[in-house]
Amino acid sequence: MAQNGEGKDGQNLRHQEVGHKSLLQSDALYQYILETSVYPREPEPMKELREITAKHPWNIMTTSADEGQFLNMIVKLINAKKTMEIGVYTGYSLLATALALPEDGKILAMDINRDNYELGLPVIEKAGVAHKIDFREGPALPVLDELVEDVKNHGSFDFIFVDADKDNYLNYHKRIIELVKVGGLIGYDNTLWNGSVVAPPDAPMRKYVRYYRDFVLELNKALAADPRIEICMLPVGDGITLCRRIS
């Protein structure tokens, strides 16, 4: 794994950590966080899965190690037992959640690509938490619609984490707000979107960043105006907004 380096002028080079999404101005400071509080406490299965994911061509999609630690802590703090994850990739954040849940805890996990999930599945199985996961391959919206149709599912989830197609975040929100319990949490990932949320419209940016930027901006505006939730936007990873349902 590449480490933070220094150029000839002594200035830190751009951090090369795989899956690096820190919005901190100082890469050396981000490396300090990882090496001081994240890596020494990272469970061995999560380290193994992080290293496997680092070799995958789409590794930029993975949850960063500091965000994985954060999610693990959140799940424990709220004593979550029933959770949902929309967007799984190789399962790093899924594993962080599964390790934090009690033995009889459950996660409904959805992703359009089972192959990526199966890349991390052997690690999840070795960690002894595969029985907590109900993985569904395919688009999440039909599954959510089916759940919403049955009132027994309303308010039944303690925590829901969304890290998927940004153009559907608002569609997800309309449904999962009914499924999370009052007092429960929803976490939306990538809500600062590479910092592009404050970039001028004509600023140079990668195609996929530009394409999803307006959807992220729209989501952030909608969440801020939603009276059913309390929100807290944090600069962890690529930005995560926690929403606590209050009504």
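## A charge over a ring

Lys82 sits over the face of Phe157, 4.5 Å from the ring centre. The model is predicted, and the contacts described here are computed from it.

## Aromatic pairs

The whole structure holds six aromatic pairs. One of them joins Trp193 and Tyr208. The ring centres of Trp193 and Tyr208 lie 5.8 Å apart, and the planes meet at 85 degrees, so this pair is edge-to-face. Trp193 belongs to the loop between β5 (180-189) and α8 (207-225), while Tyr208 is in helix α8. The pair therefore ties together parts that are 15 residues apart in sequence.

Trp193 has a relative accessible area of 6%, so the residue counts as buried. Tyr208 is partly exposed, at 33% relative accessibility. Tyr211 and Tyr212 make an edge-to-face pair as well, with 4.8 Å from centre to centre and 80 degrees between the planes. Both partners are in the partly exposed class: Tyr211 at 47% relative accessibility, Tyr212 at 22%. Ring pairs connect Trp193, Tyr208, Tyr211, Tyr212 and Phe215 into a cluster.

## A nonpolar surface patch

Together with Trp58, Ile60 and Met61, Tyr208 forms a nonpolar patch on the surface. The accessible area of the four residues together is about 390 Å².

Trp58 lies in the loop between α2 (44-54) and α3 (65-77). The relative accessible area of Trp58 is 43%, so Trp58 is partly exposed.

## Helix α7

Helix α7 spans residues 169-179. Its buried residues are Tyr169, Tyr172, His173, Ile176, Ile177 and Leu179. The general rule is simple: an α-helix has 3.6 residues a turn, so residues three or four places apart point the same way.

Asp145 lies in helix α6 (residues 140-149) and Arg175 in α7, so the pair ties together parts that are 30 residues apart in sequence. Asp145 is partly exposed, with a relative accessible area of 33%.

## Other salt bridges

Another links the side chains of Lys166 and Asp163, at 3.3 Å from N to O. Are these two residues buried or exposed? Lys166 and Asp163 are both buried.

Asp226 and Arg228 form a salt bridge too, and their closest N and O atoms are 2.9 Å apart. The two partners fall in separate accessibility classes. Asp226 is buried, at 9% relative accessibility. Arg228 is partly exposed, with a relative accessible area of 30%. Elsewhere, salt bridges with shared partners join Arg114, Glu118 and Glu137 into one network.

Methods. Residues are numbered from 1 along each chain as its sequence is written. This is a predicted model: local features need pLDDT of at least 70, side-chain atom pairs count only at pLDDT 80 or more; totals for chains, interfaces and linings use all residues. Side-chain values use heavy atoms; hydrogens and water are left out. Buried means under 20% relative accessible area, exposed over 50%, partly exposed in between (1.4 Å probe, protein chains only). Helices (H or I, at least four residues) and strands (E, at least two) are DSSP runs, numbered from the N terminus. Patches are made of residues with over 30% relative accessible area and no salt bridge: like charges are joined within 9 Å, nonpolar side chains (Val, Leu, Ile, Met, Phe, Trp, Tyr) within 5 Å. Accessible areas come from the Shrake-Rupley method with a 1.4 Å probe; for residues, only the protein chains shown count as cover. Rings of Phe, Tyr and Trp (its six-membered ring) pair if their centres lie within 6.5 Å; planes under 30 degrees apart count as stacked, over 60 as edge-to-face and the rest as tilted. A charge sits over a ring if NZ of Lys or CZ of Arg is within 6 Å of the ring centre and within 35 degrees of the ring normal.
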